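Me: I'm new to this one. Can you put it up and walk me through it?

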Amino acid sequence: CLAESFVEQVASSSGRRMVFISSRMGSIQFNRVGGGYAYRSSKAALNASVKSISIDLLPRRILVLAIHPGNAKTYPGKGTIELAESVDGIRSLVARANLEDTGSFLSFDGQPLPW
């Protein structure tokens, strides 16, 4: 896993955070429309990995989060929220998160998401 390559650098940093960009489409509980098999399964796998990494790194006091960036307007005519809103939300969320949040799956606005 690529994250393992950075553990020592993160452990020696002042922030001690690993953040993974996921998607609500990786939530099995939220899937009510089907489709998107490859994308959904890849994000579900990422979420499972984030949860496991968070458990493994908790003794080293490294915060690990999976974050859904929202349906950001990354392409013309696509998305429902401005890219800056997504980025600002993620930055704020990461800044205020603590070890009690480790292993969480959250939306950019801080709302918990089901696995």
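Me: Which residues does Phe20 touch, leaving out those up to four places away in sequence?
Reply: Phe20 touches Ala3, Leu46, Val50, Ile53, Val64, Leu65, Ala66 and Ile67. Contact means heavy atoms within 4.5 Å.

Me: What am I looking at, and how are residues numbered?
Reply: This is a predicted model, where local features need pLDDT of at least 70, side-chain atom pairs count only at pLDDT 80 or more, and totals for chains, interfaces and linings use all residues. Residues are numbered from 1 along each chain as its sequence is written, and side-chain values use heavy atoms, with hydrogens and water left out.

Me: How many residues are in the largest nonpolar core?
Reply: It has 14 residues, and Phe20 is among those with the most contacts inside it, as are Met18 and Ile53. Such a core is a set of buried Ala, Val, Leu, Ile, Met, Phe, Trp, Tyr and Cys residues joined through side-chain atoms within 4.5 Å. Buried means under 20% relative accessible area (1.4 Å probe, protein chains only).

Me: Which elements give two or more residues to it?
Reply: Helix 2 (7-11), strand 1 (17-21), helix 3 (37-57) and strand 2 (63-68). Helices (H or I, at least four residues) and strands (E, at least two) are DSSP runs, numbered from the N terminus.

Me: New topic: in what order do the strands form the sheet?
Reply: The order is 1-2-3, in an open sheet with parallel pairing. Two strands pair if DSSP finds at least two bridges between them. Strand 1 and strand 3 (104-107) are the edges.

Me: How many bridges join strand 2 to strand 3?
Reply: There are 4. In one of the strand 3 pairings, Ile67 has Leu106 as its bridge partner.

Definitions and conventions: Buried means under 20% relative accessible area, exposed over 50%, partly exposed in between (1.4 Å probe, protein chains only).
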